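Student: I am new to this structure and would like to know what its terms rest on. Could we go through it together?
Tutor: Gladly! Let us look at it first.

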Amino acid sequence: MKIKLYSLRNHIYLFILALLSLTFSANVTFAQTALTGIVKRADGSPVPHATIKIRGANISTSANEKGEFRLAQVPEVPFYIQVSSVGFKPQDFQVLTVSATPLELVLLEASQLDQIVVTSRRRSEVLQEVPIPITVIGGQAAENAGAFNVNRLKELVPSVQLYASNARNTTLNIRGLGSTFGLTNDGIDPGVGFYVDGVYHARPAATSTDFIDIDQIEVIRGPQGTLFGKNTTAGAFNITTKKPSLIPSAKVELSYGNYNFIQAKTTVTGPLAKNLAAKISISGTQRDGTIWNVPEERKYSGQNNLGAKAQFLYTPNEKLELLLSGDVSVQHPAGYPLVAAGVTTTERSAYRQYAKIVSDLGYQQPKIDPFSREIYTNTPWRHNQSIGGISLNADYKIGNGKLTSTTAWRFWNWDPTNDRDFTEFSALTKSQGNTRHDQYSQEVRYAGDITDKLSGVVGVFVLGQNLQGLGQTEEVGKDQWRFVQTSATGQQALYSTPGLLDGFGIRTNSTIKSLSAAAFAQVDWEVIDKLHVLPGIRFTYDKKDVDYDRKTYGGLQTTDANLLALKAAVYANQQFNISTENNNLSGNLTLSYRPNDRLNTFATYSTGYKPVGVNVGGLPTTSSGAADISVARVKPEYVQHYELGVKTKPTAGALLNITAFNTDIKDYQTNVQSPQLGANRGYLANAEKVRVRGLEIDGSYQAGRFLTLNAAVAYLDGKYVKFTNAPLPLEETGHTEVINGVSTQVAFKDASGGRLPGISKWNISGGAELSTAGNLIEKEGRYFIAGDVSYRSEYSSNPTPSKVLVIDGYTLLNARIGFRSEKFSLFVWGRNLANTNYFEQLQAAAGNSGLYAGVLGDPRTYGATIRYTF
C-alpha cells in the first residue's frame, strides 16, 4: 500500500509542476495607472480582507479592515478582476475604464440560498423561481460533508435512494423510481438521468466514481423528458464541474482517516494563451477493507480509486465558448462481498431446506453474525473497473439565447469475480459478468428568451450504445449437486455421481446495440402578469438489437443420457437473437403563479416513457428445457405524473418548499429472481401497474454568517397496484396450491397491494453549522462546527414483499469541526458516529434454498482534512 500511495503522490506532484509552468506563462501588457476600490456586502457594509486578483496576470492584493484596496499596476483595459472572501461567492468584474474614483464591488454571501443559480431548464435561473422541485448541493458543501461520490449524497437528499452491491449492480432512484432493484440487468434503461457537464452517462457504474472539482449538484425530481436529451421518468442528477479559468490558481486537498483512509485531490488551472484556459484535476482514494475473509485472511470492501479530468476552455469572442473535456477513472478495490445475513425456512420439502443440505454435505451451519464483518468464502472477490470519455461542448450566443452542441464518447470496462453462494461451500463458486460498454451521444439545443413574455428550450438528442458481455462466466463446484437435488431416490440420486457438477458452468457472449433518438421542446409563457404556462412535448424513438449466446462447459464428461439430463437441469445452452423498437409521444403542462418574489406556486401534469427492455441475464426455461423467448422482450413503461408545489421565502434568510405528487406507471419494469439456478442473475418482467405518491418538505435558514440550518422530510408511499405474476418471496419458495383438484407447485403469486422495494415511508435529513470569526497561524477565517443526521424507516429489499428480506430503519450521524479561511481549511470529521449497524440491501442466494445475504453499511469512520488554495 505504501508503494501505491508513494506513486500516487508523485504523479500529483508531477502534474502540479507541469501545469504551473503553463499557468504562469501568459504575457500581459500593463498600464501605469493604479486602481482603487472598496468591497462591500449587499447591505453596503464593508467586506474586510477580501482578495482581489487580476485575471490572466499574477497580480493580487488584499483589502483592509474597511474593505478598501489598491492595485499599483493593472493591465490595459478592458480586463477582469476576481474578488473573493471566505463565506462569500467569488465574483468576476469587468473593468472598462480606470479612474481616480474608487470602484464599488458587491459580494453576495455564499449562504444566500435564495440566489442559487441552476441550469436544470438548460439555462441559468435562480433556484426559487424554477417551477420544479430541485435540491442543490454545492461542490464545497459536498466535500465538507464527506460526500465524494453519489452514494454518499443519499444521506443529504431524502428523496434519493442508491443501492449497490458493487459498481455494476447499482440502483439509483428518485422517489423510489428509476431503475430495477437488486441485480442489474443490462437490458433495461435507467429512469434517472445522470449528467455531468451536459453529457449523459448511460451506465449506473458512473455513480461510483469520485467527484472531481465539482461546482454544484442539482437533484431534479420528477419526469423531465421535455428538458433533457435522454428519458428521465423519475428525475435527473445534473452535475457541473468548475470550468478552467484564465486566473491562475491551484488547490490541494489531503485527507487521512481510520482504516488507513487516504484521499488526495489537486486542481490546477490557468491560461495557455490569450483566450485559452486549461485545467487538470486529479483525485486518488484508498482505504483498507472493513470485512475480513477468514479463510483467505484478507480484508475486503476497501477502496482504491484514481481519477483525472482535463479541460480546455477557448473563448475566441464574446459569443462563442468551446469546452473540451476528457476524464478517466480507474478503480481496483478489494471487492465488495455480501455477508451471510440469515437462513429462513422455505415451503419446500424438509429434504430441500438449507440446514438439511448443509448437514448432508458434512458441513457445519455457516456463521450467521453479519455485523462481526467476517465472511467465509473460497473465491476471491474482485470488482475492477475503468470508466471515462471525451466530450466537446460548444455554446454560441444567438439573440437572447444560446445554441449548445454537446458531442461525447464514453466507455466502461468491468472485470469482476464474485462468490455467489456467500459461504465456504463449493456451490455457486464463481460469477463473472465481464462487460465492455461504448456510448456515443450528440445533443443540440437552443435555450433562451424569445420575447419578454416567452422563453424556452428546443433540442434533439441521439444516443448509440454497444454493450458487450465478454465471456461472462458462472460456475458451480463439487457441492452444488446437493443444492439442486430434489430427493435421494430415482434419477435424482444420480446427482451424487462424483465430479458430475464439479467445475460445471456457462460462458456467455452477448451484445446489445441500441439507438435512442429524441426531439423535445418546452416553453415558458407569461400569459398574464405573474401567471406562467409551461407546455412541453417530446418524441422518442428506441431500437435494440440483441445477440445472446450461452454455452456450457466443464463437469463430468459423459455420454450417459441420464447424467446429461441432470446437468442440463442446472445449466443449458441458450442462443437467441431479437430486435425490437418503439416510439413514444409524451409531454407535460405546468402552471406557475408567482405573485411576488417570495412565493412561487406550481402544478404539473406530465407523461413519461421508459424504453422497451431486453433480457440478457439468462432466460427461464419452458417445460421442454428451451429458453422462454416470450420473456426476452420487456414492455416499455408508461408514466402519468401529477405534482403540486410551493416555493417560499418566509423571512430574510429562510426558504421553505413543499411538494406533493402522485406517479402512476403502467407496465412497470422490475427485476425477477428465478428459483432456477440457470437464471440466477434474475430476469426482467412487467408489473401491470404501480403507484408512488408522497409529500416532500425542505427548508433552510441562514442567520448572518454564524448559523446555517437545513432540514428535509420525504414521505413516500409506493405499492404495486396490480402485479399478478410476481415471483414468490424466499420464504414461500416451493409453495403449492390446489389447481383443478391437483396439488401443484407454483412459481409466482399475486403481489397486488404490496409495497415496492427500496422505498422507506419516512426519509428525514437535517444539518446545522455554527461558525465564528477567528485566526489560525495568522490566517483570518472562521472556526466552525457542523453536523448532519439522516433517518430512513424500514423498507422492502425484494421485488415481492418478503417477511425476511426487510431492512430495519436506521439513523446516521455525521459531524465535523475545524477552521477555514479563503485559502486554507483544516477540519476533523466523523461519519456514522454512533457506529450504527445496518444493511443497505438483502438478497436471496441463488437457488432459493433459504440462505440470504446482505450488503453492509460502513461502520464508524473518522479522520482529518487539510485544504489549501494558492
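Tutor: This is a predicted model. Sorted by class, the residues lining the largest cavity are 14 nonpolar, 19 polar and nine charged.

Student: What makes a lining residue count as charged?
Tutor: Asp, Glu, Lys and Arg count as charged. Among the lining residues nearest the centre of the largest cavity are Glu 840 and Asp 858, so both belong to the charged class.

Student: How do you know where the largest cavity lies relative to domain 2 (117-241) and domain 3 (249-869)?
Tutor: Both domains give residues to its lining, so the largest cavity lies between them.

Student: What lines the second largest cavity?
Tutor: Its lining has 27 residues, with Val 196, His 201, Thr 209, Lys 309 and Asp 327 nearest the centre. β25 gives the largest share, five residues. The volume of this second largest cavity is about 370 Å³. At least three of its lining residues come from each of domain 2 (117-241) and domain 3 (249-869). By class, 13 are nonpolar, nine polar and five charged.

Student: What makes a set of residues a nonpolar core?
Tutor: The members must be buried, of the listed nonpolar types, and joined through side-chain atoms within 4.5 Å. The largest core has 40 residues, and Leu 172, Phe 194, Ile 217, Phe 237, Tyr 668 and Leu 756 touch the most other members. This core lies between domain 2 (117-241) and domain 3 (249-869) because both give residues to it. A second, separate core of 34 residues includes Leu 730, Phe 839, Ala 844 and Ala 845.

Student: Which residues does Ile 217 touch?
Tutor: Leaving out residues up to four places away in sequence, Ile 217 touches Thr 135, Val 136, Ile 137, Ala 142, Leu 153, Phe 211, Phe 237, Asn 238 and Ile 239.

Definitions and conventions: Residues numbered from 1 in each chain as written. Predicted model: local features only at pLDDT ≥ 70, side-chain atom pairs only at ≥ 80, totals over all residues. Heavy atoms only, no water. Buried < 20%, exposed > 50% of the residue type's maximum accessible area, 1.4 Å probe, protein only. Domains from an automatic or database assignment. Contact = heavy atoms within 4.5 Å. 1 Å grid on protein atoms, 1.4 Å probe; cavity = no way out; pocket = protein on both sides within 12 Å on 5 of 7 lines; lining within 4 Å. Points joined across faces, edges and corners; volume = space filled by probe spheres on them. Helix = DSSP H or I, 4+ residues; strand = E, 2+ residues; numbered from the N terminus.
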